[in-house]
Amino acid sequence: MEEHIKYMQMALEEAKKAYELDETPIGAVIVHDGEVIAKSCNRRNTDKNSLSHAEILAIDEACKHIGDWRLEDCTIYITLEPCPMCAGAIVQARIPQVVYGASSPKAGFGGSVLNILELEALNHRCEVIRDVCTEDSADLLKLYFKKMRQKK
């Protein structure tokens, strides 16, 4: 568990970068053989691109680092349960292990709304480890949404 906390803290640092950009504070880190090979934060507003989720950007970076679309020996750490697009991308990239912080009861596809990551019908399933650094992840999100409500 200590290793998961270490990498989740790195993902939280990425989420804080998103917060500073006025983005929803979500961060992702991908680890291969004990080495961080990719990290990113949400950049949808910054990039003006609906695909610029932390997980998608990190997967893209990791694929370039590995030189393959298959990330079979990797673990992805995400501060928030992935959305359907990101959960699908994780499955498509063949990432075997997903570790996330806060659950997303209205948009999470790692078990909250649906569970794409562990869906028996798919040809690839992930091991999912939930609730790592949950409070830190949730607190940052709450702070962000409070700030957004105050702006309005």
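Keep in mind that the model is predicted.

Five strands make up an open sheet, with the order 2-1-3-4-5 and mixed pairing. At the edges are strand 2 and strand 5, the latter covering residues 127-129, and each of these pairs on one side only. From one strand to the next, the twist averages 15 degrees. Strand 1 and strand 3 run antiparallel and are joined by five bridges. As for His32, its bridge partner in strand 3 is Cys74. Helix 1 packs on this sheet and touches strand 1, strand 2, strand 3, strand 4 and strand 5. The direction of helix 1 makes about 50 degrees with that of strand 3.

Next, the cores. The largest nonpolar core has 31 residues, and the members that touch the most others are Ile30, Ile59, Leu71, Ile76, Ile90, Val98 and Leu117. Several elements each supply at least two residues of this core, among them strand 1 (27-32), strand 3 (74-80), helix 4 (84-92) and helix 5 (134-151). Which element gives the largest share of this core? That is helix 3, with five residues. There is also a second, separate core of eleven residues, including Met8, Leu12, Val31 and Tyr77.

Leu117 is worth a look on screen. Setting aside neighbours within four places in sequence, its contacts include Pro82, Ala87, Ile90, Val98, Phe109 and Val128.

Glu14 sits in helix 1, which spans residues 2-20. Is Glu14 buried or exposed? Glu14 counts as buried because its relative accessible area is 5%, and the cut-off for buried is under 20%. Apart from neighbours within four places in sequence, Glu14 is in contact with Gly27, Ala28, Lys39, Ser40 and Cys41. For a sense of scale, Glu14 and Lys146 are 132 residues apart along the chain, and their C-alpha atoms are separated by 20 Å.

Leaving out neighbours within four places in sequence, the residues in contact with His124 are Val91, Arg94, Ile95 and Pro96. Where does the backbone oxygen of Ile95 lie? That oxygen is 3.0 Å from a polar atom of the His124 side chain.

That is the end of the tour.

Notes: Residues are numbered from 1 along each chain as its sequence is written. This is a predicted model: local features need pLDDT of at least 70, side-chain atom pairs count only at pLDDT 80 or more; totals for chains, interfaces and linings use all residues. Side-chain values use heavy atoms; hydrogens and water are left out. A nonpolar core is a set of buried Ala, Val, Leu, Ile, Met, Phe, Trp, Tyr and Cys residues joined through side-chain atoms within 4.5 Å. Buried means under 20% relative accessible area, exposed over 50%, partly exposed in between (1.4 Å probe, protein chains only). Helices (H or I, at least four residues) and strands (E, at least two) are DSSP runs, numbered from the N terminus. Contact means heavy atoms within 4.5 Å. Two strands pair if DSSP finds at least two bridges between them. Axes are lines fitted to C-alpha atoms, for helices over the stretch in contact, and angles run from 0 to 180 degrees between N-to-C directions. A polar contact is a pair of N or O atoms within 3.5 Å; within protein, one must be able to donate a hydrogen and the other to accept it, and residues adjacent in sequence count only if both atoms are side-chain atoms.
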